[in-house]
Amino acid sequence: MFGNVVYYDKKKIDEYKAVIKGQKNLEVVEYEVSNDKGVQVDLKAFGADTKASKTYKAKVQESLLYNCDEFEKLLSGRDDYFDFTQSSEFDLTTMSRGVIIKFEGYINIPEEFDFTQTIDKFKPMLVASLVNDTMDKSEQAAMKVFFETSDTKIPVLIDFDELLMCSKLISNNMLVKYEDMEEYEELEVTIIARITSGNMVNAKKAFYDPLKDFMTLNRAMRRSMDGRADGLNEIYADRDYRMIEILAIYQ
């Protein structure tokens, strides 16, 4: 397969690969490549001297598309994996929590989040204005940690086979800029995900809370707030949905 990887959760995929293989992952930093007859490596492609008896060290070049393909091959044939690109006979509404699915669909970021994302752009200025001389050092440190959080989450809605799925993308795993995500809303993408809700979730329940998922406030701090500013209101789906943990998106 050829395409562009939009999102890749390396930590989760590596973790699930280890579970499938029943052993810890070995991270290879570099190979030692020899031009002995028994080694099947095209050294000419690397500009190496194939006549002389030499050993070469080669660093491993990461390929996320290759990793996705390898992960899908490991999943193939398992009872807890359902590939909707190969069969449409599966019933998503009855699948149990924890199974991994592969499907094609359209992703959409709620417009309500655009204002929230704007706050992220102005973090440096907010830090400069809020962290002032009137605060003690402990307060200043707390404010800096609060605004310098990098693993914020982005809400996404995915329409698939007349069903709605909701998820939260971890910003650090994004391989495209937030502003460029709009281009993918009109393109069908392939998604590998793990179902995290036990059943269909009622639309009256918010699937994204900016105070928790974006600003990473704990429960006590969220409850102590009297009101919410623009861009910090909870986000709801327009119908019942299933929550999923997205592992990879490619197109």
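Colleague: What ground rules apply, and which atoms do side-chain values use?

Modeller: This is a predicted model, so local features need pLDDT of at least 70 and side-chain atom pairs count only at pLDDT 80 or more, while totals for chains, interfaces and linings use all residues. Residues are numbered from 1 along each chain as its sequence is written, hydrogens and water are left out, and side-chain values use heavy atoms.

Colleague: How many helices and strands does the protein chain have?

Modeller: Elements are DSSP runs numbered from the N terminus: helices are H or I with at least four residues, strands are E with at least two. On that basis the protein chain has eight helices and nine strands.

Colleague: What share of the 251 residues counts as buried?

Modeller: Buried means under 20% relative accessible area, exposed over 50%, partly exposed in between, with a 1.4 Å probe and protein chains only. For the 251 residues, the buried share is 37%.

Colleague: Is Lys 102 buried or exposed?

Modeller: Lys 102 is found in strand β5, residues 100–108. Its relative accessible area is 11%, so Lys 102 is buried.

Colleague: Which side chain makes a polar contact with the side chain of Lys 102?

Modeller: A polar contact is a pair of N or O atoms within 3.5 Å; within protein, one must be able to donate a hydrogen and the other to accept it, and residues adjacent in sequence count only if both atoms are side-chain atoms. Contact in general means heavy atoms within 4.5 Å. Not counting residues up to four places away in sequence, Lys 102 touches several residues, including Asp 83, Thr 190 and Tyr 250. The polar partner, at 2.7 Å, is Glu 72.

Colleague: How many residues apart in sequence are the parts that Phe 103 and Phe 160 tie together?

Modeller: Rings of Phe, Tyr and Trp (its six-membered ring) pair if their centres lie within 6.5 Å; planes under 30 degrees apart count as stacked, over 60 as edge-to-face and the rest as tilted. The structure holds eight aromatic pairs. Phe 103 and Phe 160 form a tilted one, 4.9 Å centre to centre with 45° between the planes. Phe 103 lies in strand β5 and Phe 160 in strand β6, so the parts tied together are separated by 57 residues.

Colleague: Where do the partners Phe 113 and Tyr 178 lie?

Modeller: Phe 113 and Tyr 178 form an edge-to-face pair, 5.8 Å centre to centre with 65° between the planes. Phe 113 counts as buried at 0% relative accessibility, and Tyr 178 is buried at 17%. Phe 113 lies in helix α3, and Tyr 178 in the loop between β7 and α6.

Colleague: How many disulfides does the count come to?

Modeller: A disulfide is a pair of cysteine sulfur atoms within 2.5 Å. Cys 68 is buried at 1% relative accessible area, and Cys 166 is buried at 0%. The disulfide count is zero.
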